[in-house]
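Thank you for asking for comments on this structure. The numbered points below are written for a reader who is new to structural analysis and may be followed with the structure in view.

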Amino acid sequence: QVQLVESGGGLVQAGGSLRLSCAVSGSIFSVGVMGWHRQGPGNQRELVAAITSGGNTNYADSVKGRFTISRDNARNTVYLQMNSLKPEDTAVYYCNAVVGTAHGAFASWGQGTQVTVSS
């Protein structure tokens with residue numbers, strides 16, 4: 001069974017920073033693309049950032065220059081450093097990863113972590 005466990009969310013004032021972490025564990029052979037999505041109140045879930053196993057990254061326009069995604073392949077962990085946070089960044093942030101198992105490759109999701117930015 002595959003688990004993605006997120007940590008690092010919380011309440012921060014506008015202009016502040018937070019760092020999210022997500023560790024993949026379980027009976028896995030490999031971890032491919034990893035990413036962060038978010039869902040704000042009344043909004044659809046949207047991609048925030050993604051990173052391949054080789055380190056190539058992709059960001060939503062709304063977070064470029066403020067957020068940085070990185071990963072530690074040895075630890076099967078992905079990070080999201082969020083700087084210059086804005087109230088509109090308030091959302092539940094979900095980690096996801098394409099995980100290779102004995103039964104094939106699957107997209108797996110974490111349970112979500114709340115990020116609240118106060119003005």
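This is a predicted model: local features need pLDDT of at least 70, side-chain atom pairs count only at pLDDT 80 or more; totals for chains, interfaces and linings use all residues.

1. Aspartate 89 forms a salt bridge with arginine 38, with 2.9 Å between the closest N and O atoms. Aspartate 89 lies in the loop between β8 (77-82) and β9 (91-101), whereas arginine 38 belongs to strand β4 (residues 30-39), so the pair ties together parts that are 51 residues apart in sequence. Both aspartate 89 and arginine 38 are buried.

2. Aspartate 89 has a further partner, arginine 66, and here the closest N and O atoms are 2.8 Å apart in a salt bridge. Arginine 66 is placed in the loop between β6 (57-59) and β7 (67-72), and aspartate 89 in the loop between β8 and β9, so this pair ties together parts that are 23 residues apart in sequence. Is aspartate 89 buried or exposed? Aspartate 89 counts as buried because its relative accessibility is 1%, under the 20% limit. Arginine 66 is also buried, with a relative accessible area of 10%.

3. Aspartate 89, as noted, counts as buried at 1%. Through shared partners, the salt bridges join Arg38, Glu46, Arg66 and Asp89 into one network. The structure holds 5 salt bridges.

4. The next point concerns a sheet. Which strands form it, and in what order? It is an open sheet of 4 strands in the order β1-β3-β8-β7, with antiparallel pairing. The edge strands are β1 (2-7) and β7, each of which pairs on one side only. From one strand to the next, the twist averages 15 degrees. In general, strands of a sheet pair through backbone hydrogen bonds, and they may be parallel or antiparallel.

5. Strand β1 and strand β3 (residues 18-26) run antiparallel and are joined by 6 bridges. Serine 7 stands opposite serine 21 in β3.

6. A covalent link also deserves attention. How many disulfides does a search of the whole structure find? The search finds 1 disulfide. Cysteine 22 and cysteine 95 form it, with their sulfur atoms 2.1 Å apart. The torsion about their S-S bond is about -75 degrees, so the disulfide is left-handed. Cysteine 22 is in strand β3 and cysteine 95 in strand β9, so that distant parts of the chain, 73 residues apart, are linked. Both cysteines are buried.

7. In soluble globular proteins, nonpolar side chains tend to be buried together.

8. Residues up to four places away in sequence are not counted here. Methionine 82 touches Gly16, Ser17, Leu18, Leu20, Arg66, Phe67, Tyr93 and Val115.

9. Tryptophan 109 is found in strand β10 (residues 104-109). At 38% relative accessibility, tryptophan 109 counts as partly exposed. Leaving aside neighbours within four places in sequence, tryptophan 109 is in contact with Leu4, His37, Arg45, Tyr94, Cys95 and Asn96. The C-alpha atoms of tryptophan 109 and arginine 45 are separated by 12 Å, and the two residues are 64 residues apart along the chain.

10. Glycine 65 is found in the loop between β6 and β7. At 83% relative accessibility, glycine 65 counts as exposed. A separation of 25 Å lies between the C-alpha atoms of glycine 65 and tryptophan 109, which are 44 residues apart along the chain.

Methods:
Residues are numbered from 1 along each chain as its sequence is written. Side-chain values use heavy atoms; hydrogens and water are left out. A salt bridge is a side-chain nitrogen of Lys or Arg within 4 Å of a carboxyl oxygen of Asp or Glu. Helices (H or I, at least four residues) and strands (E, at least two) are DSSP runs, numbered from the N terminus. Buried means under 20% relative accessible area, exposed over 50%, partly exposed in between (1.4 Å probe, protein chains only). Two strands pair if DSSP finds at least two bridges between them. Axes are lines fitted to C-alpha atoms, for helices over the stretch in contact, and angles run from 0 to 180 degrees between N-to-C directions. A disulfide is a pair of cysteine sulfur atoms within 2.5 Å. Contact means heavy atoms within 4.5 Å.
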